[in-house]
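Please go through the backbone, sheets and pockets of the model shown below, question by question.

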Amino acid sequence: MKIVFMGTPELAATVLDALIQSEHEILAVVTQPDKPKGRGKQIQYPPVKELALKHQIPVYQPNKAKDEDFIKKLEEINPECIVVAAYGKILPKAIIDFPKYGCINVHASLLPKYRGAAPIQWTIINGEEKTGITIMYMDVGIDTGDMIMKEEVIIEPKETGGSLHDKLAVCGGRLLIKALKEIEHGTAVREKQKDEESTYVKMLDKSLGHIDFSNSAAEIERLIRGLNPWPSAYTFLDGKTLKIWEASIEQGLSEKADNTGKPGEILEVTKDSIIVQTGNGRLVLHEVQLEGKKRMTVDAFIRGFDLQAGKILS
């Protein structure tokens, strides 16, 4: 099958790599424009572009997917199918309708649940036990098209946004190849989504990571894992940002001892942990990063920072 691939971040690059290794022909890759990143604001290529250039695949980076010149170029390339994975822009009907086999999307959730942006992180934050990949036909709605096939992925107890991302990316590439075979042979079965069962999740931003210690220890622990590695969960210690990379819920507390401090109060500092009161339960910090410092385990952090019980994380 002759394919144009549209995607931008690491997940999309993993899916693209699976396509490159398959029997299908990649006519071109479409990704978002290069952007400045880091303190030096140096221009960086999207991961999908880097991979495409490595394999000498033509790359297009329109500012808007609905640009007439870009649509005309796609029509000239004339793919049989357009595959989309985390492209980051809504496609107009003119693009969705013209390929012979349609526009196929690789979505990182078990639709219709978790439509929209950042489904990977939100499944962890919300405490789901499983998620997965859905291969679907695209329409003009946001993740509303007919489904072709799904594969479940278990969310492990210590799963982070990063580890789940990597598992789903590999799953997505494998499932896409299987779906394309059925589409090409005319055996793919379309399943309409039940809109009444749908949920939408919003995009991530840095403010989401600001920890509210009036929430329960369980909620905060999931937030920390879900936002690792980006945008990360954080609080403030003596006016400086303190990122929390790993934490757990203190076990074995009696009901009487459960809520003895103020939310955000450091109750105890041991040689390898910091115990913080929350709105319900206690959170044990294991890995942190103070503003201007490297990420480190709590035992290393305590050796270089005189931290006493009674301080409040704000």
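This is a predicted model: local features need pLDDT of at least 70, side-chain atom pairs count only at pLDDT 80 or more; totals for chains, interfaces and linings use all residues.

Residues are numbered from 1 along each chain as its sequence is written, and side-chain values use heavy atoms, with hydrogens and water left out.

Q: How many helices and strands does the protein chain have?
A: Helices (H or I, at least four residues) and strands (E, at least two) are DSSP runs, numbered from the N terminus. Counted in this way, the protein chain has 8 helices and 17 strands.

Q: What percentage of the residues of the protein chain count as buried?
A: The C-alpha trace spans about 65 × 45 × 30 Å along its principal axes. Buried means under 20% relative accessible area, exposed over 50% and partly exposed in between, with a 1.4 Å probe and protein chains only. Of the 314 residues, the share that counts as buried is 48%.

Q: What share of the contacts with a separation of 6 or more joins residues 24 or more positions apart?
A: A contact means heavy atoms within 4.5 Å. Among contacts in the protein chain with a separation of 6 or more, residues 24 or more positions apart account for 65%.

Q: Which residue is the bridge partner of Lys-2 in S2?
A: Strand S1 (residues 2-7) and strand S2 (residues 25-30) run parallel and are joined by 5 bridges. In S2, the partner of Lys-2 is Glu-25.

Q: Which residue stands opposite Ile-274 in S16?
A: S15 is paired with strand S14 (residues 266-269) in the antiparallel sense over 3 bridges, and Val-269 stands opposite Ile-274 there. S15 also runs antiparallel to strand S16 (residues 282-290), with 4 bridges between them. In S16, the residue opposite Ile-274 is Leu-285.

Q: Which residues of S15 point the other way from Ile-274 and Val-276?
A: In a regular strand the side chains alternate between the two faces of the sheet. In S15 (residues 274-277), Ile-274 and Val-276 point one way, and all four residues named are buried, the other two being Ile-275 and Gln-277.

Q: Which residue takes a positive phi in the hairpin of S15 and S16?
A: A hairpin of 4 residues joins S14 to S15. The hairpin of S15 and S16 also has 4 residues between the strands, and the residue with phi near 95° is Gly-281.

Q: Is Asp-143 buried or exposed?
A: Most residues other than glycine have a negative phi, and most peptide bonds are trans. Asp-143 has a positive phi near 60° and lies in the loop between strand S9 (130-137) and S10. At 12% relative accessibility, Asp-143 counts as buried.

Q: What is the omega of the peptide bond from Asn-228 to Pro-229?
A: Pro-229 is found in the loop between helix H7 (217-226) and strand S12 (233-237). The bond from Asn-228 to Pro-229 is cis, with omega near 20°.

Q: How many of the 10 residues of H7 are buried?
A: The buried residues of H7 include Ile-220, Leu-223 and Ile-224. They pack against helix H5 (119-125), helix H6 (161-185), S12, S13 and S16. H7 is largely enclosed by the rest of the structure, because the number of its 10 residues that are buried is 7.

Q: Which strand gives the largest share of the lining of the second largest pocket?
A: On a 1 Å grid over the protein atoms alone, a pocket is an open set of points where a 1.4 Å probe fits, with protein on both sides within 12 Å along at least five of seven lines, and lining residues have an atom within 4 Å of a point. The lining residues include Pro-229, Trp-230 and Trp-245. The largest share, 3 residues, comes from strand S13 (residues 240-249).

Conventions
Two strands pair if DSSP finds at least two bridges between them.
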